[in-house]
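The sequence and the structure come first, and the description follows.

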Amino acid sequence: LINLCQQKPSFENEILTHLLEKAAEVKKADDVSILRDYAIEKWGNPKLKFSRHGGWNRLTQRAYRNALSWVNQQNLKDFFELLVSRRHNADKRRSGFWAKYLNQIIWTKLIFSKKTMDESSRDDAIKEIVDREEGTYGILNAGYSDSYDLDIFMMQIRGYIIVEYSKTGNAAYLYEATKLPFDVHKEEYYDVSYLKIKEQLDVDG
């Protein structure tokens with residue numbers, strides 16, 4: 001059916017809407033990456049639904065939430081498998097811990113380090129992540145050297161925002177979503193100290 005979208009562009013939105021609605025009825029799809037990436041290519045990231053991408057507004061709330069969950073899951077995987085494990089050889093239990101809450105994650109944001117942005121021009125895997133998150137990611141432009149390769153992952157579970165860091169030695173931090181000391185929608189961050197002024201979480205056990 002995706003091929004049909006390409007062959008009949010005038011019906012593309014209708015076919016894509018049908019596919020995403022049907023996908024929401026399936027309890028567990030084997031591989032959603034093709035449909036997810038095609039929808040993002042045509043409609044943009046679902047996290048931008050309320051800003052400028054009207055395609056996502058065609059869906060029922062159930063189908064939209066389902067598609068958004070695919071993106072959240074991919075963000076979690078990208079952060080821990082590529083930006084954390086491949087670079088820093090960090091404890092993989094962190095990824096397993098948050099995977100248990102995957103169905104409760106309602107929003108995610110990746111904040112890329114200067115190193116990630118530099119490498120996106122020559123590393124295909126990193127370029128794919130950055131391209132997929134176009135319009136939603138942030139950039140950490142901290143002036144100190146130990147933050148050059150520090151990537152950050154934000155997620156919302158119920159009424160809380162959790163901030164995770166790619167390098168060991170940085171705890172996860174928990175905030176009430178209605179009492180944040182920082183703006184989660186910023187495009188650029190210059191300091192991480194104000195992201196570390198709340199309750200620390202133990203995610204290693």
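Helices (H or I, at least four residues) and strands (E, at least two) are DSSP runs, numbered from the N terminus. On this basis the protein has seven helices and seven strands. Along the sequence they follow the pattern α-α-α-α-α-β-α-α-β-β-β-β-β-β. This is a predicted model, in which local features need pLDDT of at least 70 and side-chain atom pairs count only at pLDDT 80 or more, while totals for chains, interfaces and linings use all residues. Residues are numbered from 1 along each chain as its sequence is written, and side-chain values use heavy atoms, with hydrogens and water left out.

The table gives values for the protein as a whole.

| Property | Value |
|---|---|
| Buried residues (under 20% relative accessible area, 1.4 Å probe, protein chains only) | 49% of the 205 residues |
| Accessible surface (Shrake-Rupley method, 1.4 Å probe) | about 11,100 Å² |
| Part of that surface belonging to carbon and sulfur atoms | 47% |

Contact means heavy atoms within 4.5 Å. Of the contacts in the protein with a separation of 6 or more, 63% are between residues 24 or more positions apart.

Helix H2 spans residues 12–25 and contains Thr17. Thr17 counts as buried because its relative accessibility is 12%. Leaving aside residues up to four places away in sequence, Thr17 touches Trp43, Arg58 and Leu59.

Helix H7 covers residues 124–132, and its buried residues are Ile126, Ile129, Val130 and Arg132. At the start of H7, a side-chain oxygen of Asp123 comes to within 3.0 Å of the backbone nitrogen of Ala125.

Conventions: Buried < 20%, exposed > 50% of the residue type's maximum accessible area, 1.4 Å probe, protein only. Polar contact = N/O pair within 3.5 Å; in protein donor to acceptor, adjacent residues only side chain to side chain.
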